[in-house]
Amino acid sequence: MRNNHQALPIGQRERQDFPRFGIGISPNFVAPITDDYSLQIAGNFEPITLTKKDLSQLPRVDTISDFHCVTTWSYRNIHWSGFRLKDVYEILIKPQIPTDMAIKKFMFRGLDKYKSSLLVEDALADDILLVDMMDNEPLSSKHGAPLRIIAPAHYGYKNVKHLRKIDCLEDVASTRSLLPRMMDHERARVEYEERGRFIPGWILRYLYRPLIASGIRRMNKSDS
Ligand SMILES: Nc1nc2c(c(=O)[nH]1)N[C@H]1C(S)=C(S)[C@@H](COP(=O)(O)O)O[C@H]1N2
Ligand SMILES: [Mo]
């Protein structure tokens, strides 16, 4: 199911390598090497801890998808393996929270202090995964060990690495973003070029492109 032959989304250009990339919040962060992990689920309810064993009860899902950073680089055909966020929510979380509680948004938080949110209607789509493997190997520190979000229809900044905690929010407006508001679109759908707010995506394309090289350099200082 390789999709080499399909055109890339508007404004994107293919890269031949998959760089470690980020907004530079913790450029020297190295994920703890462990075969075990747990994930905290928080909200207006008793906190829930999901262990590796809890997740392993869910059906394993394998997909091949392209990855699109908002700064316009794309890397194609990555094999991800993990669990549908929808299954995590429906099977492991929902039964443990009050039935009348309407969750509208998730805030995903990384071990490196990075965070990014998705509306529930986007986050529960079939292609949104919580992955622990990439290209048949356990997730590397570079690409988000031990667990990361993969949301192929949304720009890279929604694909939170080193996932530590998910906040379940009842109010869409209740959180502050790490990025300046204009850089953090509520949905960030690649198909509609929702790169940011206020400024159209096709303009941001040209503003972001010159930042790719320095972004890669900043995030890879501790390498080699
Ligand atoms: N925890 C965490 N997740 C993150 C980031 C980060 O700095 N920390 N950067 C985001 C951005 S902007 C992009 S493009 C992708 C990059 O993923 P990669 O490093 O696997 O290429 O991760 C996203 N998720
Ligand atoms: Mo990005």
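Visitor: Which helix gives the most to the lining of the largest pocket?

Guide: The model is a predicted one. In it, helix H5, residues 212-219, contributes most to the lining of the largest pocket, with 4 residues. The lining has 32 residues, and those nearest the centre of the pocket are Phe 21, Gly 22, Ile 23, Tyr 114 and Tyr 157. By class the lining splits into 17 nonpolar, 10 polar and 5 charged residues, and the pocket has a volume of about 540 Å³.

Visitor: What takes the space of the largest pocket?

Guide: Ligand 1 takes that space. A molecule is said to sit in a pocket if more than half of its atoms lie within 2 Å of the grid points of that pocket.

Visitor: Which residues around ligand 1 come nearest?

Guide: There are 19 residues around ligand 1, and Pro 19, Asp 112, His 143, Arg 148 and Lys 161 come nearest. The shell comprises 9 nonpolar, 5 polar and 5 charged residues.

Visitor: How much of ligand 1 does the protein bury?

Guide: Ligand 1 exposes 530 Å² when taken alone, and the protein buries 99% of that.

Visitor: What is the volume of the second largest pocket, and which strand gives the largest share of its lining?

Guide: The volume is about 450 Å³. Its lining has 23 residues, with Ser 65, His 68, Asp 127, Pro 152 and Ala 153 closest to the centre. Strand S4, residues 61-68, supplies the largest share, 5 residues. The classes are 10 nonpolar, 6 polar and 7 charged.

Visitor: What makes a space a cavity and not a pocket?

Guide: In a cavity a 1.4 Å probe fits but cannot get out, whereas a pocket is open. The count comes to 1 cavity of 30 Å³ or more. About 50 Å³ of space lies in the largest cavity. Among the residues that line this cavity are Met 107, Tyr 114, Arg 176 and Asp 184. Strand S7, residues 115-119, gives the largest share of the lining, 3 residues.

How values were computed: Residues are numbered from 1 along each chain as its sequence is written. Chains are lettered from A and ligands numbered from 1 in the order in which they are written. This is a predicted model: local features need pLDDT of at least 70, side-chain atom pairs count only at pLDDT 80 or more; totals for chains, interfaces and linings use all residues. Side-chain values use heavy atoms; hydrogens and water are left out. A residue is near a molecule or strand if one of its heavy atoms lies within 4 Å of it. Accessible areas come from the Shrake-Rupley method with a 1.4 Å probe; for residues, only the protein chains shown count as cover. On a 1 Å grid over the protein atoms alone, a cavity is a set of points where a 1.4 Å probe fits but cannot get out, and a pocket is an open set with protein on both sides within 12 Å along at least five of seven lines; lining residues have an atom within 4 Å of a point. Ala, Val, Leu, Ile, Met, Phe, Trp, Tyr, Cys and Pro count as nonpolar, Asp, Glu, Lys and Arg as charged, and the others, Gly among them, as polar. Grid points are joined across faces, edges and corners, and a volume is the space filled by probe spheres set on the points. Helices (H or I, at least four residues) and strands (E, at least two) are DSSP runs, numbered from the N terminus.
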